Amino acid sequence: MPDALSVALAALFADPNIGRDAVYIADGGAPVWAS
């Protein structure tokens, strides 16, 4: 049985209004795609 935190995080990332693709660019660094 999954724990409550795992269930909550899965629900947040499944929400199309919250879980979106992103690009992180550190100072002087290359873009890192996160999806």
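In which helix is Leu9 found? Leu9 belongs to helix α1, which covers residues 4–14, where helices (H or I, at least four residues) and strands (E, at least two) are DSSP runs numbered from the N terminus.

The model is a predicted one, in which local features need pLDDT of at least 70 and side-chain atom pairs count only at pLDDT 80 or more, while totals for chains, interfaces and linings use all residues. Residues are numbered from 1 along each chain as its sequence is written, and side-chain values use heavy atoms, with hydrogens and water left out.

**Overall architecture**

The protein holds one helix and two strands, which follow one another from the N terminus in the order α-β-β. Its C-alpha trace spans about 40 × 20 × 10 Å along the principal axes. Of the 35 residues, 0% are buried, a class that requires under 20% relative accessible area, whereas exposed means over 50% and partly exposed lies in between (1.4 Å probe, protein chains only). The protein exposes about 3,300 Å², and 65% of this area is supplied by carbon and sulfur atoms; accessible areas come from the Shrake-Rupley method with a 1.4 Å probe, and for residues only the protein chains shown count as cover.

Confidence is expressed as pLDDT, the predictor's confidence in each residue on a scale from 0 to 100. The mean for the protein is 84, and 94% of its residues reach 70 or more; among the elements, α1 has the highest mean pLDDT (91) and β2 the lowest (80).

Strand β1 (residues 22–25) pairs with strand β2 (residues 31–34) in the antiparallel sense over four bridges, pairing being assigned if DSSP finds at least two bridges between two strands. Five residues lie between β1 and β2 in the hairpin that they form, and Gly28 in the turn has a positive phi of about 75 degrees.

Tyr24 is found in strand β1, and its bridge partner in β2 is Val32. When residues up to four places away in sequence are not counted, Tyr24 touches Ala30, Pro31 and Val32, contact meaning heavy atoms within 4.5 Å. Tyr24 and Ala34, ten residues apart in sequence, are 7.5 Å apart in space, C-alpha to C-alpha.

**Accessibility of two residues**

| Residue | Relative accessible area | Class |
|---|---|---|
| Leu9 | 40% | partly exposed |
| Tyr24 | 57% | exposed |
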